[in-house]
Amino acid sequence: MRDAPGDDYCFDIGPMGAIGEQGSLMLRINRHCPWNRCLFCSAYKGVKFEYRTEKEIKRDIDAIERLSHMLSSAKPGQPGEVVREVLSKHPEVYDDGSVGEQALDVRYASLTHVARWLVSGARTVFLQDADALIMRTPELLEVLTYLRAAFPSIERITSYARSRTLTHKPVQELRALREAGLSRVLVGVESGCDAVLEFMQKGVTAEEHIRAGRKVVEAKIRLVAFVMPGLGGKGFRDQHMVETAVVLNQMRPDLIRLRSLAIQRSSPLYKRYEDGAFGCPSDDDMVDEIELLVRSLDFPCEIETGQLTNMLFEIAGKLPEDREDILKTIGRYKAMSHEERLRFRFQRYSKYYLPYVIDRGRSDFELEEQFEEAYDRLQRGAADAERKIEQAIFEMKSRCIP
Ligand code: SF4
């Protein structure tokens, strides 16, 4: 509900983007996740899914257009200077005493978001939140057409979609969405093993993943599949990745993104882990799973590690041509002695993952101390060094995912 003139200069921005979408415009098609039951996920727990209407979204696009006109008519300069000029020239919007601080914050966040998007060329858009394609196709087509008419510079539109949602969309609807601008769909496959999918309450089967993927490929929309090494825990460790490779070989995504499991304290899986119902796989187990996957994929695609939960985050390349190089990277790690691997992992996580946890403003002195103590034990060759390191790494991963 917009009731102050300044409300025409703000729009709804959801909490989550996606890897590779940092410069994109976030356009919120709906709020949160319509499924919201996956055990390993904490993204939208505690919040209820909400549809947004075509009218609401178009109103957001109008606000984005207004903001981009304001920003474009300011004196050219660094983004910060341009934003400052807009703030000072439009006190009716940004110094509006009739609304509270929270409303002003939303207006300010909208302005800076559009400023960043314009600086990055206004070429890419990400549809939020977890399953934008659940919107009825005729309405989504209207939204995409409206968006592209307002911003002809847009070259790429990306959305998350659940496989279950995609199975309900006829291929011709997906084709129409592609023609209206939808160029990439990100699907959280996570596993192709039904036992794992069921345990994790993913709400989809391996067969549905395959059907969904084939539809997207048939509609000529770029398909990105997220896969989660470690999700089979200790119980389904081998089955998980063997069956995931079988499913991917039938889905044939253009890109596979690995995001190795990190058990988030805020996810329901944490409790299962504490209760002993889920055995947390080691980093070495997950490296073995990745190796198995890389060896088993039999179609041309790209593969990459999108998150620092992947200890070997340098794994990236095209298959089949880069397969041997990727396997060599894995082989170098596996050829290390037990102690070398421990040091390697510790250094890697301390250098790249830990600063992210600390930078997120959590002021996590306890975790920093845990790492310092583990390092001290390692240097002194203490008998409990390994246990301390594993505890510190597990704690760090449970805090947040970079
Ligand atoms: S569908 Fe995606 S966003 Fe929703 S609960 Fe599962 S992993 Fe999380």
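## Backbone features in loops

Gln201 is partly exposed, with a relative accessible area of 32%, where partly exposed covers the range between buried (under 20% relative accessible area) and exposed (over 50%), computed with a 1.4 Å probe on protein chains only. This is a predicted model, in which local features need pLDDT of at least 70 and side-chain atom pairs count only at pLDDT 80 or more, whereas totals for chains, interfaces and linings use all residues. Residues are numbered from 1 along each chain as its sequence is written, and side-chain values use heavy atoms, with hydrogens and water left out.

Gln201 is found in the loop between helix H8 (194–199) and H9, helices (H or I, at least four residues) and strands (E, at least two) being DSSP runs numbered from the N terminus. The phi angle of Gln201 is near 55°, a positive value in a residue other than glycine. Lys220, likewise not a glycine, has a positive phi of about 65°; Lys220 is located in the loop between H9 and strand S7 (222–227) and counts as exposed at 64% relative accessibility.

One joins Gln128 and Asp129, with omega about 0°, and Asp129 belongs to the loop between strand S4 (124–128) and helix H5 (137–150). Another joins Leu319 and Pro320, with omega about 10°, and Pro320 belongs to the loop between strand S10 (316–319) and helix H13 (323–334).

## Ala206 in helix H9

Ala206 lies in helix H9, which comprises residues 206–218, and is buried, with a relative accessible area of 9%. When neighbours within four places in sequence are left aside, Ala206 is in contact (heavy atoms within 4.5 Å) with Gly192, Asp194, Leu197 and Val247. The C-alpha atoms of Ala206 and Ala161, which are 45 residues apart along the chain, are separated by 15 Å.

## Salt bridges

The structure holds 44 salt bridges, each defined as a side-chain nitrogen of Lys or Arg within 4 Å of a carboxyl oxygen of Asp or Glu. One of them pairs Asp96 with Arg107, the closest N and O atoms being 3.2 Å apart. This pair links distant parts of the chain, with Asp96 in the loop between helix H3 (91–94) and helix H4 (101–119) and Arg107 in helix H4, 11 residues apart. Asp96 is buried at a relative accessible area of 10%, and Arg107 also counts as buried, at 0% relative accessibility.

The side chains of Lys334 and Glu291 meet in another salt bridge, at 2.6 Å from N to O. Lys334 lies in helix H13 and Glu291 in helix H12 (residues 283–296), so this pair ties together parts that are 43 residues apart in sequence. Lys334 is partly exposed at 32% relative accessibility, whereas Glu291 is buried, with a relative accessible area of 14%. Asp384 forms a salt bridge with Arg387, with the closest N and O atoms 3.9 Å apart, and Arg387 is partly exposed at 47% relative accessibility.

## The ligand shell

The ligand is surrounded by Cys33, Asn36, Arg37, Cys38, Phe40, Cys41, Tyr44, Lys45, Ala130, Arg162 and Lys202, a residue being near a molecule if one of its heavy atoms lies within 4 Å of it. The residues of this shell divide into six nonpolar, one polar and four charged, where Ala, Val, Leu, Ile, Met, Phe, Trp, Tyr, Cys and Pro count as nonpolar, Asp, Glu, Lys and Arg as charged, and the others, Gly among them, as polar.
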